[in-house]
Amino acid sequence: MKELTYDAVVIGGGAAGMAAARELDAAGCSCAIVEREERLGGILGQCIHNGFGLIEFNEELTGPEFAERMEERVRGTGVAVYTGATVMEVDAAPEIKSLFCYSASFGVIRLNARAIVLAMGCRERNRGNIRIPGDRPAGVYTAGLAQRLVNIEGFVPGRNVVVIGSGDIGLIMARRMSWIGCKVHAVVEILPYPSGLTRNIVQCLHDFGIPLYLSHLTTRIIGRERVEGVEITPIENGALMHEKSFVIPCDTVLLSVGLVPENELSKDAGVELNPMTNGPVVDSMLMTSVPGVFACGNVLHVHDLVDYVVEEAKRAGANVARWLKGERPQAEARIKAGPNVRYVAPSRADPSRDNKIYLRSLVVKNEASLEIRVNNRVVRTVKKAHIQPSEMLSVDLSRADLATCSGSPDPTVEIALA
Amino acid sequence: MKTGSGRYDVCIVGAGVCGANIARRLSAYELDVVLVDKYADVSFGVSKGNSGIIHGGFHHGRQHLKARLEIQGAMMFDRLRQELDFPFKRCGIVVAAFHEDEMRAIEQLYMQGVDNGVIGIEMCSRERMLELEPKLNPDVLGGLWVPGGGIVEPYRFVFSLVESARKNGVELLTDFKVSAAARSGDEWTVRAEDGRSIKARYVVNAAGLFADEVSAVFGAEEFAIKARKGEYYLLDRLSKARTERVVFPVPTSVSKGMLVIPTVEGTVLIGPTADMVDDKGDAATTREHLEKILSSARAMIPAISENDVITSFAGLRPTLGDDFYIEMSKKVPAFAQVAGIQSPGLTASPAIGEYVKDLLKKAGLKLKEKVDYDPFVGKRPHVKDLSPYEVDQLAAADPAYANMVCRCEKVSEAEIVEAVRAGHTTLDGIKYFTRAQMGRCQGGFCTYKIMKIIMRETGLSYSDITKNGGESRMLKDEL
């Protein structure tokens, strides 16, 4: 079996993996990307709509364009790229780690590295995960799979569509299916507010006259061979109103009910996960509980924009390079999710540096404020015009913010929303 | 596939676990045998949606035919696994009691098991139960331990049986829905809905849920098969709730209760419910029942979490009285009834194969052993069970073994291609054969890849790709 050694191996060649690898290379570290698909770019390749790159490239790009820009940064550098190669086993030993990669073009190879960057992204939650009862006919697709079929494979999965869940991919697909001449009868959302970005509600539903049913649960899928309809039940004051149930006839159901970081390899490697994000618990360097194993992008927590994925992954790449050169954080402060905060990532901050923290709100609110509390004392307040669970928030924790951490044996930073 | 103009000695209607066992058993003799099924693939009826348990032989008294066949059948599985290479493991069964009343019921089961000759059966204290199955609710009072009980992948078992039968000359006709039959001379003419017809001297009715309808088509006995629905949840292989043993509650008079089953392939199955339904096509799941399954299973194994749920499904069991109905028809000649094969039908099925072979012999079928009968089917490599070094060697001969199609269940392109070449050309057929689409993403990543492989290998158009045959088409159009 062929064996190769790098300073770092990045698992996943999407936006996060490419950004991290580029930084590693720029810092003089040898590194490889292992990507299971035939091309770099991950899911961006099938996201042919625009709206990408406003932050990273200062212009509006489609998904494939964004992926191409990222790929240009990697090509011609020293980064080794293995596509069509799946990492099947990780041995995260303390010094030298090994990864076994399977590929039709070279069989199995073993890559050795001092550091691993987890950048595997996420997968879509499916019917089973949200336990929709009923028949099990053909015609039930996750929105991302339907997007692949339409945009890359050139097939039309169905003609009369109901989208369950108002996540961004579902909204984008509602518009996409309308464009190819299909009828999208409804988008059904269990929550009283949409799960996707506001801009997508406007551009994908309002502009196409697609009704959005908020506070409605899909209680049954109907159809023996192919989908024939879905039964929808309104929720009032938290209770299902069965007598108000109605059926929307359709031949296709698209599910857009959330994303889950794909951490099965991480679990195999012994990485500790945060049950709130389903991603690894990471320190201020974005290093997981297993020394030398780092994580960034949607495998760490689900981001709303790829621009933020790249921002985080660049930092991860730079951190891995620092770590490979022997740098370690001297003392770290614990960061915890305070009132109205679903999660914060990373879980630790380095008071001797500037830190970037991502978080998600549990509440929908206008004129909100974000408080940074160090050891239970508010050190800074940031005004936020509008917060909602679907839009990720970020906050810079500067050295000045964290100044009072020194001198405390177990400094704690709490992020609160009010 | 043969066009269906042939003459046969025996026609078996229904390619579920009973039909497949009977076909394979008869394939050892100098006979022309045809196995027909109304679905697009074998094992698409009752045999695909059940608990996959090799029962312990203590649930029913030996006055029942089903108990005698259960015990005999259970003992045949070790040899069958050697010959047929399907996933099977004797992980043992525990029955957990949580009340004094239940302990008395356990004692009854124990006596019945001893009377039936169950090997190794024992009554257990609380300590013994927790030692055998540490994930049990610590409130357990005691229970029963049956080390010979086991788990099997039911569809894989059927696939292997059919593969073996075909290797030994049995013909398989799928999408063959029997719609008419007539007897002339010493031969049955059996017609399918699509116009195909075959002739056979003997017919075996192993049509599962539809055995009553098939019996009527042949003018044989009138009876009514009622469907009892069982709903299940499947949990992720990384679930903390994965037990070492099959865990049963104390049974009621109606059913064996809801179980926790560590499947041979590493996932966890919980269920089933037991509800009579009027419609034999109704395999829909319901919210109320699924909630019931979770709470019942959690009462025994507290670590069960709804966060681990991958999917839910329902299976239908064909019920007819309280015992199997296996005998030659008293009304029409050369027609064997194999009906009402509910639990423990899977366990009993190899013995049913023997039993029906003997029935046919008594009814005049000449059995002459084939000199070249080969009971073995070739072992197929599964990437998920191999080390990287072994996969590297396989890939040297066929690189498709290193091209991963299903990441969740670790299935390679080569395995998908084998499934297609073995005749499984629907998405569900490939799922049952390879496990691709059966894992935590439920096909989210691999479905389009599998569709492309089917099209490439078979030349089928996109519009012919179905989930499980019939009108279950996956794609409506192309751009």
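**Helix α8 of chain A**

I started with helix α8 of chain A, residues 306–324, in this predicted model. The helix has 19 residues, and I found 26 Å from its first C-alpha to its last. That is close to the 27 Å expected at 1.5 Å a residue.

Next I asked which residues of α8(A) are buried. My list runs A:V306, A:V309, A:V310, A:E312, A:A313, A:A316, A:G317, A:N319, A:V320, A:A321, A:W323 and A:L324. I noted A:E312 and A:N319 among them.

What covers these buried residues? The cover includes the strands β1 (2–11), β3 (50–52), β8 and β23 (293–295) of chain A, along with the helices α1 (15–26) and α2 (63–74) of chain A. Just after α8(A) I came to A:G326, which takes a positive phi of about 100 degrees.

**Domains of chain A**

I then looked up how chain A is divided. Domain 1 takes 1–123 + 259–328, domain 2 takes 126–257, and domain 3 takes 332–418. Between the C-alpha centres of domain 1 of chain A and domain 2 of chain A there are 32 Å.

How many residues make the contact between domain 1 and domain 2 of chain A? I found six residues of domain 1 of chain A in contact with seven residues of domain 2 of chain A. On the side of domain 1 of chain A that touches domain 2 of chain A, two residues are nonpolar, three are polar and one is charged.

**A five-stranded sheet in chain A**

Chain A also has an open sheet of five strands with parallel pairing, and I wrote its order down as β10-β19-β12-β13-β14. At the edges are β10 (140–142) and β14 (212–213) of chain A, each of which pairs on one side only.

Strand β13 of chain A, residues 183–188, runs parallel to β14(A), and two bridges join them. Here A:V188 has A:Y213 of β14(A) as its bridge partner.

**Where chain A meets chain B**

On to the contact of the two chains: 43 residues come from chain A and 44 residues from chain B. On the side of chain A that touches chain B, several elements supply at least two residues each, including β6 (85–91), β7 (97–103), β8 (107–118), α4 (143–153) and α7 (264–268) of chain A. Which element gives the most to this side of chain A? That is α4(A), with five residues. I sorted the residues of this side into 15 nonpolar, twelve polar and 16 charged.

A strand pairing also crosses from one chain to the other. β11(A) and strand β23 of chain B, residues 477–478, pair in the antiparallel sense over two bridges. In that pairing I found A:V156 opposite B:D477 of β23(B).

**Domains of chain B**

Chain B is divided into domain 1 (1–88 + 152–225 + 320–379), domain 2 (89–151 + 226–317) and domain 3 (383–464). The C-alpha centres of domain 1 of chain B and domain 2 of chain B are 28 Å apart, and 27 residues of domain 1 of chain B are in contact with 34 residues of domain 2 of chain B.

On the side of domain 1 of chain B that touches domain 2 of chain B, β3 (53–54) and α2 (65–84) of chain B each supply at least two residues. The most come from α2(B), which gives four residues. I count this side as 14 nonpolar, eleven polar and two charged.

**Helix α2 of chain B**

That sent me to α2(B) itself. At 1.5 Å a residue its 20 residues should span 28 Å, and its end C-alpha atoms are 26 Å apart, which agrees. Where does α2(B) bend? I place the bend at B:D78, by about 40 degrees.

The buried residues of α2(B) include B:K66, B:L69, B:E70, B:I71, B:F77, B:L80 and B:L84. Among what covers the buried residues of α2(B) are β3, α3 (100–116), α5 (154–167) and α8 (345–362) of chain B. After α2(B) comes B:D85, with a positive phi near 55 degrees.

**A hairpin in chain B**

My last stop was strand β15 of chain B, residues 259–262. Both faces are covered: B:L259 and B:I261 are buried on one side, B:V260 and B:P262 on the other. β15(B) pairs in the antiparallel sense with strand β16 of chain B, residues 268–271, over four bridges. B:V260 faces B:I270 of β16(B) in this pairing. The hairpin has five residues between the strands, and in it B:G266 takes a positive phi near 105 degrees.

Methods: Residues are numbered from 1 along each chain as its sequence is written. Chains are lettered from A and ligands numbered from 1 in the order in which they are written. This is a predicted model: local features need pLDDT of at least 70, side-chain atom pairs count only at pLDDT 80 or more; totals for chains, interfaces and linings use all residues. Domain bounds come from an automatic or database domain assignment. Ala, Val, Leu, Ile, Met, Phe, Trp, Tyr, Cys and Pro count as nonpolar, Asp, Glu, Lys and Arg as charged, and the others, Gly among them, as polar. Two strands pair if DSSP finds at least two bridges between them. The expected span of a helix is 1.5 Å times one less than its number of residues. The bend at a residue is the angle between axes fitted to the seven residues ending there and the seven starting there. A residue is buried if 20 or more other C-beta atoms lie within 10 Å of its own, exposed if 12 or fewer, and partly exposed in between; C-beta atoms are placed from the backbone.
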